[in-house]
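Let's take a walk through this protein together. Have a look at the structure below, and then we will start at the ligand.

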Amino acid sequence: MVTKDFTVLVTGGAGYIGSHAVLALLDSGYDVVVLDNLTTGFLRAVPDQAIFIEGDIEDSTLSARLIAEHGIGAIMHFAGSIIVPESVENPLKYYHNNSAKSRTLIETAVTNGVKHFIFSSTATVYGVTGLMQIPEDTPKHPTNPYGMSKLMTEAMLTDVATAYDFNFCALRYFNVAGADPKGRSGQSTQGATHLIKVAVEAVLGKRDGVAIFGTDYDTHDGTGTRDYIHVSDLVAAHVLALEKLVEDPETSHIMNCGYGQGFSVNDVLDAVDRVTNKKIHRVIQGRRAGDPDSLVSDNRLIKQTLPWQPKYADLDVIVAHALAWERKL
Ligand code: UD1
């Protein structure tokens, strides 16, 4: 039986995935403190029931004070930088925001008695594998500093969990999309590059159409294939992971978080056409640098480890929720 006698600190809780995690924690009965520096997040994304603190995870005095004042027993760490091409141009920003600041936060957790830590990692840690489905023990060869910065944090957590009374779960996200089914949050990022976000913007006339980046990939229709996961299913896995960490404090986990099913760019655009009953304007372009043919999770480990039962593993539902949010923006 899980006790909720501690509060959860959510870093990056004003961002896309973080704000959904806050909702899931509140819905599960947890008290939540959000720490966000609002460089990319939005204050309006933080629900009123959560305590909001504007600040940076680098400020260990602030984090230590929050831990003591609010009885923080676990940290969900979403704060970080996430744009792959930017990480290639400015790697030190990524090693600072994602690796160095995470080190500071982990140290603050350990020295102030926080025993559980959930980390938002990424499938980008694998790089190009050539596998149909990627299991967690696949050799990691990230092809950009973003992926490496996340992998470094996984390594720090692994070593810290060995040395201290502390456990963690790192979830390697595949392609997160969609929005809260109750319309309470969604992806608000300006100038988004993610396919589903781009497609629903096009449907609403915010763009002329959607560029298809390459039709010569080694996939069923030549367009890039990804494992799209609904953000609400993703954050549900975080709440279950937290419960697992509390139940079994000796064990840490690094797990893929995806449905294990691949959809091509054309599959996604077909879904958008179905959901909207329109024909989205598709423009075929060349490949985008660095895009692998296919990235699909092997999700057996998370399914064995957590009682995780995705509710929205349907591309049309993901698109419909993304569209509903986009309309509200
Ligand atoms: C991106 C990030 C990755 C992150 C993941 C989940 C990049 C390069 N990668 O993955 O680090 O973990 O999101 O958040 O930023 N596509 C088009 N037209 C478009 C946009 C995309 O054809 O306008 C194609 C891409 O070539 C790819 C697929 O759609 O095949 C998905 O692209 P995208 O949504 O950008 O996500 P990823 O690049 O897979």
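This is a predicted model: local features need pLDDT of at least 70, side-chain atom pairs count only at pLDDT 80 or more; totals for chains, interfaces and linings use all residues.

Threonine 124 brings a polar side-chain atom to 3.0 Å from a ligand oxygen.

How much of the ligand does the protein cover? On its own the ligand has 740 Å² of accessible area, and the protein covers 89% of that. In total, 19 residues surround the ligand: ten are nonpolar, six polar and three charged.

Now let's turn to the aromatic rings. The model has four aromatic pairs. In one of them, the ring centres of tyrosine 94 and tyrosine 146 are 6.4 Å apart and the planes meet at 85 degrees; because angles over 60 degrees count as edge-to-face, this pair is edge-to-face. The two tyrosines are 52 residues apart in the chain, with tyrosine 94 in helix α4 and tyrosine 146 in helix α5. Tyrosine 94 is buried, at 0% relative accessible area, and tyrosine 146 is buried too, at 9%.

Finally, look for charges over rings. Arginine 287 lies over the face of tyrosine 217, 4.0 Å from the ring centre, while arginine 44 lies over the face of phenylalanine 42, at 4.6 Å.

Terms used
Residues are numbered from 1 along each chain as its sequence is written. Side-chain values use heavy atoms; hydrogens and water are left out. A residue is near a molecule or strand if one of its heavy atoms lies within 4 Å of it. A polar contact is a pair of N or O atoms within 3.5 Å; within protein, one must be able to donate a hydrogen and the other to accept it, and residues adjacent in sequence count only if both atoms are side-chain atoms. Accessible areas come from the Shrake-Rupley method with a 1.4 Å probe; for residues, only the protein chains shown count as cover. Ala, Val, Leu, Ile, Met, Phe, Trp, Tyr, Cys and Pro count as nonpolar, Asp, Glu, Lys and Arg as charged, and the others, Gly among them, as polar. Rings of Phe, Tyr and Trp (its six-membered ring) pair if their centres lie within 6.5 Å; planes under 30 degrees apart count as stacked, over 60 as edge-to-face and the rest as tilted. Helices (H or I, at least four residues) and strands (E, at least two) are DSSP runs, numbered from the N terminus. Buried means under 20% relative accessible area, exposed over 50%, partly exposed in between (1.4 Å probe, protein chains only). A charge sits over a ring if NZ of Lys or CZ of Arg is within 6 Å of the ring centre and within 35 degrees of the ring normal.
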